[in-house]
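Welcome to this short tour of a protein chain. Take a look at the sequence and the structure, and then we will walk through some of its features together.

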Amino acid sequence: MEAILDFDKELDISLFDRVVDALFSGKGDELKMAQQVLTQFTDHEMSWTRADRILSDSNSLQSKFIALQILEKLIQTKWKILDADSRSGIKNFIVELIVKTASTEESLRKNKVYLSKLNLILVQILKQEWPQNWPDFIPEIVATSRTNLALCENNMAILKLLSEEVFDFSAEQMTQARAKSLKTQMCGEFSSIYNLCTEILQKAVQPSLILATLETLLRFLSWIPFGYIFEMDLITNLCTRFLQPPVTRNVTIKCLTEIGSLECGSEYKEQLVGLFSMTITGLREILGDLSKVYEEWDEYDDDQQEFIQNVAMFLTSFLGSHLRLVETSASRDTVIQAHQYLLRISQVDERELFKVCLEYWNVIVRGLYEDGRTSSFNSPAGLLNLGSSGSGAGAGGTSGGGMSADLRRQMYSGILTGVRYVMISRMARPEEVLIVENDEGEIVREFIKETDTITLYKAQRECLIYLTHLDPKDMENIMVEKLSRQMDGSEWSWSNLNKLCWAIGSISGSMSEDQERRVLVIIIKDLLSLCEMKRGKDNKAVVASNIMYVVGQYPRFLKAHWKFLKTVANKLFEFMHELHEGVRDMACDTFVTIAQKCRRHFIAHQPGESAPFVEDIIASADSITSDLMPQQQNRFCEAVGYLISAQLNTEMQAQLIKGLMNPANEVWNNLVQKVGENINVLEDLNVVKQLGNILRMNVSACGAVGKGFISQIGNIYIDMLGLYKAVSEIISSCVARDGEIATRYVNVRAMRTIKKEALHLVDTYVKHCDGEIAAVNENMVPPLLEAVLADYAQNVPPARDAEVLKTVTTLTGALGSLMADKIPVVFDSLFESTVNMINQDFTEYPEHRLAIYQLLRTINQKCFDALLNLPPQQFRFMVMSIMWGFKHTQRDVADVALGITQEMINNFNVCDRSISNAFFQAYFIEMLNEVIVVLADNEHKSSFKPQYMLLARMVHLVESNQITAPLFDSSSPENASMTNSMFVRQSIANLLATAFANLSKRQIEVFVEGLFNFNDDSEKFRNHVRDFLIQTKEFAGDNADLYLDETEHEMEQRKQQEKEMAMRIPGMVKPSEMEEDE
């Protein structure tokens, strides 16, 4: 096998084929050997010189694919450094091979996959050579297309690929200048391509050729000049000749969809309306009224289903862009027919298809709602006259001279009623609902949230809220009617009841208070009756979960009706005794939701009550929670904690906390006393679990109550730290006796829970302790650090808890400079021991890994002066560890490490000049090199933003002469005229020249010069660096992460806009997400 690695001899093609065959069908040692040899072969710098022989003489398709992979890699990474003859030879060889392989119909079909790869190689060459070194490519491909039908079909595939590479994928694979150049060239030479396509569509009879041409045309439509589309007979041909035949209808409707989504000028309004009318007419002939699509969907073949999906895409895309235009210029029947098609398609039980329709329904109902709001600000006639340019605003927009808001609502009233029925019958499950029906038809507790379902629910909820605003009475009638059918059993099923109740809960806040009260009283009474009527654990679980979901969504109603609120709370306490675990979970969660939103009503002394209801709840807590599991009891405690937080009188609040925690405190005191008398009590697993559960309960209550919880923490704090030390000693002795395996013992894990929850409690309190910083520093911190720091340092790595690092981070963030005197001992105990745990690789101990860098960042931000006092060796170890953090592929770790570096550089830049000079001389060049290394590494693209921001800051400090000390050896005679700016430029250039042999000296010089020219303009600097990185590996790999900055910024802006818009629409913000008004 190794003979193929001898590049001084001619390649033995038959041997090469046997090695490849061994790779794909061999076993054992033969397979390993083949894999090793072929890897060495493909990695060899001269392997590309063997590709022509393999492609010409090999009988193995797999061998040919390996040769093509070698060529692809060469073109993507080393094309620019090949001599002109080699480039020309490869280009001509690939062209000849394609012509030979695609010259006959039989060969075209037989070698379809192989040809696809050859076409892709040709396009990769084109992206490098065309137009400057291959100016006649377009005329050549057009000319050869007229000589041979099979070749013509393949040429269409090449043109399609080229269009995709230049217009669809260029942003992430080419420099901006190169992409612009190719786009300009393609547009400039399009007329000959268009004439070829037109000629084929008019004269060709071969279905595969027509299909290939339409597929190619589809890729062109998004970028070709509008005149080719709207001023020729393309639209008419598509609608009249190619929409009807089954073989072309799918690609034709895609073409029409693409045209309909174009943002063209008002001069093409007439053509767009014509396209819409002709398409709907054609669809009537193909589909009829589509009334049975819901029933017949499963009987459709793949092509028919794909066509329905494409019709949905056409309708939603076209109407979303041009609804106003067709409302005023097309016939009303045509517009209504289009919406009826969408309504019927929405009923099909196909989630992805439904999501496409749902997106449009959201657009149109939002537009109708905004219309109604806007019309009140316009003329008394109610006509919308906002004036908009373009071909007609979309469903959400307005266009001068359009129909009035009232007329539009009347026009769509029947459609919208149908949409209301569809939305309710297809309602997705909200995340608050924990009871689900599994595939076996059983009612079970859900443990894993389905992200897709939650996203779908949010979109449907938005649609239902707009639909409710548009006609609240219609929505009320539909919901009451569907609930009555649940009551009489005519439509009873778990699924139907669930979806109805999820829809009812989703429209909270979108009706007037009077209507909401009327509807809710009917619905909740009926649901409570249904709960009494139904028998069986599962039936009761379903009804109970729906009651809890609905009441949890209507805090406004509950706040206004105390007796109803109290009844609901008591019903929740009843559900906490239900046999079904999921019902108990949901009862606790719903109680938390209601407690957060209605807390003051539980604290207030209500008319007719002997005391505030919270006191009754606390007095009855034992009986209420008697059937709850520990985690459910914690949720109950959290809910009561929210109620207690509403009590503003400190003494009364302390009394309520005492009442709530008293039962747990009695158990705690009893157990702690036993442990004090005999440490062996902790060998009882039940005792350890009880102590852990009590601490968890404290954490839950503390997070809800806030800083007032200090009265309870004071009762247990010293005992808790004593217990921390006691379990630490037991864990250490277990590890000393049995080794690291002891950390996996059940009892040791339970003891570590005690330690973690003790730290959680401190962490939670400190995050809520506004105004109590001095007391925390004086009373809590010293005994805590004494208990945890030495224990952490002495433990074996698997027994160290990341919670220690997180708690010290929280303390440092809250106490700021008050922690400065404690930083040395924190470093001694936590820093080196943690870094030594994680520096063996980039994956182990991920929690500790992130936590130690977050601690470093907080110390740098809040206690920078303490870092200056570290011993030199320890300081250097810290800086080296931060730079090592850059190299993590775990994005959050790398981002934090880069952030620390930028903040640290800024801190040193403003401190005493002698200190900053020493720092920059010791570390600046080393840091700069490390930043450039990760910036140029494919594995670290996701951290591109903090990388280029740090690089820009460092270059700016040099260029603006803010670093006054020489970064070079000033004592050397050859550096007599050297400056920091010159030295840094040389350092960067030398590093890049070593890393990228495929780049010319001039390319590197241009890049370095740009760094210094653009360092104070973030956007130009980012684009300059990104273009360079794409250039270094031109067209190689997925570069989407280099655009993460813009993507995340756009997403953030969109979220903010959606939030602001939602705040203006009653009901759009979920009750659980609304800010407290109490």
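## The nonpolar core

The largest nonpolar core here has 370 residues, and W361 and M878 are those with the most contacts inside it. Helix α35, which spans residues 710-738, gives the most to this core, with 13 residues. Please keep in mind as you read that this is a predicted model.

What surrounds W361? Leaving out residues up to four places away in sequence, W361 touches H339, L342, L343, S346, I415, V419, M423 and C463.

## The chain as a whole

The protein chain comes to 49 helices and two strands. Its C-alpha atoms fill a box of roughly 95 × 90 × 65 Å, taken along the principal axes.

Of the 1078 residues in the protein chain, 54% are buried. Among contacts with a separation of 6 or more, residues 24 or more positions apart account for 74%.

E1005 and A544 are 461 residues apart in sequence, and their C-alpha atoms are 71 Å apart in space. E1005 lies in helix α47, which covers residues 1001-1013. With a relative accessibility of 36%, E1005 counts as partly exposed, because partly exposed covers the range between under 20% (buried) and over 50% (exposed).

## An annotated region

The UniProt record, an unreviewed entry, carries the annotation "domain: Importin N-terminal" for residues 34-100. In the model, the chain over residues 34-100 is 76% helix and 0% strand. The C-alpha atoms at the ends of that stretch are 31 Å apart.

## Aromatic rings in pairs

A pair of aromatic rings is described by two things: the distance of the centres and the angle of the planes. How many aromatic pairs does the structure hold? The structure holds 43 of them. One is formed by F190 and F220, whose rings are 5.4 Å apart, centre to centre, with 85° between the planes, an edge-to-face arrangement. This pair links distant parts of the chain: F190 belongs to helix α11 (residues 190-203) and F220 to helix α12 (residues 207-220), 30 residues apart. F190 has 0% relative accessibility, so F190 counts as buried. F220 is likewise at 0% relative accessibility and counts as buried.

Another pair brings together F875 and Y923. The ring centres of F875 and Y923 are 6.0 Å apart and their planes meet at 55°, so the pair is tilted. Here, too, distant parts of the chain are linked, with F875 in helix α42 (residues 872-886) and Y923 in helix α44 (residues 913-935), 48 residues apart. Are these two residues buried or exposed? F875 counts as buried, at 10% relative accessibility, and Y923 is buried with a relative accessible area of 8%. Both rings also belong to a cluster in which ring pairs link F864, F875, F908, F919, F920, Y923 and F924.

## Charges over rings

The charged end of R426 sits over the ring of F354, at 4.3 Å from the ring centre. In another case, the charged end of R800 sits over the ring of Y792, 5.6 Å from its centre.

## A buried asparagine

N250 lies in helix α15, which runs over residues 246-260. Because its relative accessible area is 10%, N250 is buried. Apart from neighbours within four places in sequence, N250 is in contact with D303, E306, F307 and N310.

## Cysteines without a partner

A disulfide is a covalent bond between the sulfur atoms of two cysteines. How many disulfides does a search of the whole structure find? The search finds zero.

C187 is partly exposed, with a relative accessible area of 30%. For C769, the closest cysteine sulfur is in C702 at 9.6 Å, again too far for a bond. C769 counts as buried, at 1% relative accessibility.

Methods:
Residues are numbered from 1 along each chain as its sequence is written. This is a predicted model: local features need pLDDT of at least 70, side-chain atom pairs count only at pLDDT 80 or more; totals for chains, interfaces and linings use all residues. Side-chain values use heavy atoms; hydrogens and water are left out. Rings of Phe, Tyr and Trp (its six-membered ring) pair if their centres lie within 6.5 Å; planes under 30 degrees apart count as stacked, over 60 as edge-to-face and the rest as tilted. Helices (H or I, at least four residues) and strands (E, at least two) are DSSP runs, numbered from the N terminus. Buried means under 20% relative accessible area, exposed over 50%, partly exposed in between (1.4 Å probe, protein chains only). A charge sits over a ring if NZ of Lys or CZ of Arg is within 6 Å of the ring centre and within 35 degrees of the ring normal. A nonpolar core is a set of buried Ala, Val, Leu, Ile, Met, Phe, Trp, Tyr and Cys residues joined through side-chain atoms within 4.5 Å. Contact means heavy atoms within 4.5 Å. UniProt positions are given in the numbering used here, feature names are shortened, and annotations may be inferred rather than shown by experiment. A disulfide is a pair of cysteine sulfur atoms within 2.5 Å.
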